[in-house]
Amino acid sequence: MFNDRSTPLSLLATRRSGKPRDLIAPRPDDAQLRQILEIAARTPDHGKLAPWRFVVVPDDKRAALAAVITDAYRAERPQAGALEIASLEQFATQAPALVVVLYSPKTESHIPLWEQELSVGAACMNLLHAAHALGFAGGWLTGWAAFSDAVRDAFGAAPERIAGFIFLGTPAKQLEERPRPDPGKIVSTWGG
């Protein structure tokens, strides 16, 4: 069983993202989404800088986001084919809910940017954990749109960057496990 909510440890041990294209309604309602984002903000944050922002893309703005993404792609790649454009349109409109997470570095701070980047990653993970704890599933995607300045500019401005598009909903089909790293290959003991 994935995303087993019987205990906090069970949830962490069985956490599995959902593929955004396979997420359907119901989605978190407004109160649940607010709770998810409040939990996402409870993340390690050296200096209390909040080097991240969450932008909820409402249902009635998803087509507009698809247009922003496809227009930016066409401007960068004028020879883009119909399949590429259709894939980008689908990207913006998949799953019933979407939160764009922005890395919003505080460059004037003495806190290293690397620590601020780690904090935004932790905020994204907290967002997923909170959604899963409420009985939903989420998928954190990047892809071409996350690295486009034109797409980023629809949500903010440099030096901000898109940390990810987090899609939320209910799995339409059983979640599947993916390969996990062998602990023997990623865990060691320092010998001094």
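**From a buried strand to charged pairs**

Val99 is found in strand 3, residues 97–103, where a strand is a DSSP run of E with at least two residues, a helix is a run of H or I with at least four, and both are numbered from the N terminus. This is a predicted model, in which local features need pLDDT of at least 70 and side-chain atom pairs count only at pLDDT 80 or more, while totals for chains, interfaces and linings use all residues. Residues are numbered from 1 along each chain as its sequence is written, and side-chain values use heavy atoms, with hydrogens and water left out.

Val99 has a relative accessible area of 0% and is therefore buried (buried means under 20%, exposed over 50% and partly exposed in between, with a 1.4 Å probe and protein chains only). Although Val99 and Phe167 are 68 residues apart along the chain, their C-alpha atoms are separated by 6.5 Å.

Turning to charged residues, the structure holds 7 salt bridges, each a side-chain nitrogen of Lys or Arg within 4 Å of a carboxyl oxygen of Asp or Glu. One of them joins the side chains of Lys173 and Asp22 at 3.8 Å, N to O. Lys173 lies in the loop between strand 5 and helix 7 and Asp22 in the loop between helix 1 and strand 1, so this pair ties together parts that are 151 residues apart in sequence. Lys173 is partly exposed at 49% relative accessible area, whereas Asp22, at 18%, counts as buried.

Another salt bridge joins Arg152 and Asp149 at 3.7 Å, N to O, and these residues, 3 apart in helix 6, are separated by about one helical turn.
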